Amino acid sequence: MKKDWIPVLLFATTGLVVANECISARRQKKKDDEAYAAWLTTHQPENVWSGSASSQIPNSTERGRLIQYGHDLIANTAQYLGPQGAVAQISNGMNCQNCHLKAGTVPYGNNFGKVYATYPLFRARNNGVQTIYDRVKDCFERSLNGHAPDTGSREMQAIYAYIQWLGEDVPKGTRPPGTSIMKLPYLDRSANPSAGMLVYKEKCSSCHGKEGEGQPSPVGPGYSYPPLWGPHSYNDGAGLYRLSNFAGFVYNNMPLGTNYHNPLLSEEEAWDVAAFVNSRPRPHLNQDNDWKVVAKKPVDFPFKPYTDTFSEEQHKFGPYQPIKEAQQRTK
Ligand code: HEC
Ligand code: HEC
């Protein structure tokens, strides 16, 4: 967790010592407390989780080296585990950090801030309790359209160690602001793939390519700009295939270089471009074993069956509010 307020506190404390000579320490303390409280209120929106830089990893110890390896696997997955991976060839050439920006440290950048504090947890998709290993395996099989290394492998142990190191300061069971992906408000219309195509052409294709194919890195495995659809992209069982996740991720992080302080897309553009990209072809995953309790499917889950009467089309593109209300009525 960022501790931006430490210098302010130090400054305030130094001020207190000097001021003691002229006014009573008590009055000054009250003033300091008030100033600190006022400072806190104006800084609340900044109080989001962001992860420590990898330069802070204590890599002189055995455990530190494992954490560092976990970081490197997340940052350069293709190099180790991609189609020409040095350790195994079990994933699609993308890196974890293409979607978990800067190795899972960026506020609202699909970061890992709450993972260690909240897992194991019950997940409706699997209808069971998921460990961190299970969750990482899911991303290998869906987002990286491949297979995970065994839980006992040095690779999985390293990824676990890194996620633990990043999140071990977060109190158990809490979800600090700024973790994962921001939930955008629903549109009151359906998201529109044709409008999204125009957004894509204007604001995305220069990097991600005319056909969403991305651009391979000139200096080795992985991409300079990762693919958004086609055979080398995430499959239709991945988290980003749901429009709410895609729109929330893109709104705060794309075009690359933007962040949650300065979103460059409107919320409507984010939903529409999500609709366009997730209407293009991509690998299919058999999901027959997911969502055993059909009523627990999220409103924007785009595959039948449902317990309500809304179409697959409306579940995919919205409007979602009527579905949400129908779900709440039957609860
Ligand atoms: C194509 C994008 C993409 C890639 C690549 C990807 N992930 Fe994910 N990952 C997601 C999305 C989206 C979610 C959130 C999904 C949801 O909430 O349903 C997620 C969730 C997670 C979570 C749970 C986060 C939480 O707060 O509960 C972990 C842990 C995780 N991913 C690890 C990994 C690892 C490790 C890799 C690489 C082996 C990886 N992911 C690759 C998109 C991706
Ligand atoms: C300036 C180049 C650039 C532009 C423009 C850009 N992106 Fe990206 N995008 C990237 C890079 C680079 C990454 C991978 C980030 C990393 O690995 O650090 C990325 C990652 C992504 C990802 C997650 C990884 C994947 O391939 O699925 C999505 C989704 C995405 N961008 C969508 C968009 C959309 C939608 C737009 C247009 C609104 C857009 N991007 C515009 C450079 C760009």
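## Basis

Residues are numbered from 1 along each chain as its sequence is written, while chains are lettered from A and ligands numbered from 1 in the order in which they are written. In this predicted model, local features need pLDDT of at least 70 and side-chain atom pairs count only at pLDDT 80 or more, whereas totals for chains, interfaces and linings use all residues.

## Helix H12

Helices here are DSSP runs (H or I, at least four residues), numbered from the N terminus. Helix H12 (residues 267-277) is largely enclosed by the rest of the structure, because nine of its 11 residues are buried (20 or more other C-beta atoms within 10 Å of a residue's own, with C-beta atoms placed from the backbone). Among them are Trp271, Asp272 and Phe276. The buried residues of H12 pack against helix H9 (193-203), helix H11 (243-253) and helix H13 (312-317).

## Gly82

Gly82 is in the loop that runs between helix H4 (77-81) and helix H5 (101-104), and it counts as buried because it has 25 C-beta neighbours inside 10 Å. Its C-alpha atom is separated by 5.7 Å from that of Asn92, 10 residues apart along the chain.

## Ligand 2

Ligand 2 is surrounded by 23 residues, of which the closest are Cys204, Cys207, Pro226, Pro255 and Leu256 (a residue is near if its C-beta atom, placed from the backbone, lies within 6 Å). Helix H10 (205-208) and H11 each give two or more residues to this shell, and the largest share, three residues, comes from H10.

Because domain 2 (54-167) and domain 3 (182-331) both give residues to the shell, ligand 2 lies between them; the domain bounds come from an automatic or database domain assignment.

Conventions: A residue is buried if 20 or more other C-beta atoms lie within 10 Å of its own, exposed if 12 or fewer, and partly exposed in between; C-beta atoms are placed from the backbone. Two residues are in contact if their C-beta atoms, placed from the backbone, lie within 7 Å.
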